[in-house]
Amino acid sequence: MHRTPHSSPHLRVMSVLGLVAALLLPLAMTFAPRATASPAADPVRVMPLGDSITGSPGCWRAVLWNRLVDSGYTDIDFVGTLPPQGCGQAHDGDNEGHGGELVTNVADQNLLPGRLASTRPDIVVMHFGTNDVWSSISPDRVLAAYTTLVAQMRASNPDMRILVAQLIPMNPSSCAACAQRIVDFNARIPGWARATGTDRSPVTVVDQWTGFSTATDTYDGVHPNASGDDKIAARWFPPLAAALDAVPTDPGGPGDPGGDPVACTARFRAVSTWQGGYQGEVTVTNTSASAVPGWTATVVPANGARLTQVWNGALTTAADGTATVTNAAWNGALAPGASATFGFVASAPATAGTPAATVTCAGRAPAG
């Protein structure tokens, strides 16, 4: 405001008040609600990827979503270019489950990059290849398609965390050979995953085959019914929860040491076997750039085995046999690159064959 030597006292008071108001305005803006000054971090984006077992309607996604939310994983976003297909319960239904699609066609026709660009996932949950197996496409070709898709995922996000299912059993009336083809294909997936995974972008195998019955858990020998949906969701939950724990919530933010996730790897080996069981060992390694005060490992034993005893860790076992092992008091703290090992005894059916297990882990972030 322009002031003259002849301004009245009233005008001088108004001028001072105007100056005070101008000085207070920035303070008023400073004390605005925190939500406007500090936006929430983006949710972790999870893409369910596959064919009609994942979509159409793929109700295991609804079961999994609600189990995650009930367990405290509320800052998540299921993503995909396809909308929800019902399922009768509230959930985030976006997905990438295209009915009838072959994973080999998706790779050959370069269909995934556009879908990734539209949705930008941090984690991919993939049950894909049933139609390829039904079509008698060789495991080599299907796994080559898997490799192509993983490369495209990493081109979209170099830190992509990838969960790949060993496919649920299949026994349709029109394909007598399909049941064994699924078994043969699933046997190849762990070796492919070991060769494909990296510390930055791990590939975790999730055993969806063991304990799943086409007679009681599908309505047509292929597609899951309500019982099958529950079993599929239960198998996805532990490794997906571990992957969610490992994804940084605010990469590169103030005070964040470079945005590295608190990640780890878990490796299984069979120590000894006997009729009806075996002794196993899991090594947990901190692959992040930060020390961790503790860790949690998930063990899904194959072929109907169940963990019955654990040492150097604390065991919790779910109804489906999935085991969660948390560190003991003396082996939880791991410096970057350091490892801890726990052992276990598992019971197994006489026909179980060579011991095998899917293992994943997550390191706990330091307090504060």
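**Briefing: sheet and nonpolar cores**

T317 stands opposite A323 of β12. The model is predicted, so local features require pLDDT of at least 70 and side-chain atom pairs pLDDT 80 or more, while totals for chains, interfaces and linings use all residues. Residues are numbered from 1 along each chain as its sequence is written, and side-chain values use heavy atoms, without hydrogens and water.

**Sheet**
- Strand β12 (residues 323–327) runs antiparallel to β11, with 5 bridges joining the two; strands (E, at least two residues) and helices (H or I, at least four) are DSSP runs numbered from the N terminus.
- These strands belong to an open sheet of 4 strands, in the order β11-β12-β9-β14 with antiparallel pairing, where pairing requires at least two DSSP bridges between two strands.
- Because β11 (313–317) and β14 (357–363) are edge strands with a single partner strand each, one side of each has no neighbour in the sheet.
- The twist from one strand to the next averages 20°.
- Helix α10 packs on the sheet through β9 (295–301) and β14, and its direction makes about 30° with that of β14; axes are lines fitted to C-alpha atoms, for helices over the stretch in contact, and angles run from 0 to 180 degrees between N-to-C directions.

**Nonpolar cores**
- The largest nonpolar core has 62 residues, and I123, Y146, L149 and M153 have the most contacts inside it; a core joins buried Ala, Val, Leu, Ile, Met, Phe, Trp, Tyr and Cys residues through side-chain atoms within 4.5 Å, buried being under 20% relative accessible area with a 1.4 Å probe, protein chains only.
- Helix α10 (residues 226–246) gives the most to this core, contributing 8 residues.
- Another core, of 23 residues, lies apart from it and includes L307, V310, A323 and L334.

Technical notes:
Buried < 20%, exposed > 50% of the residue type's maximum accessible area, 1.4 Å probe, protein only. Contact = heavy atoms within 4.5 Å.
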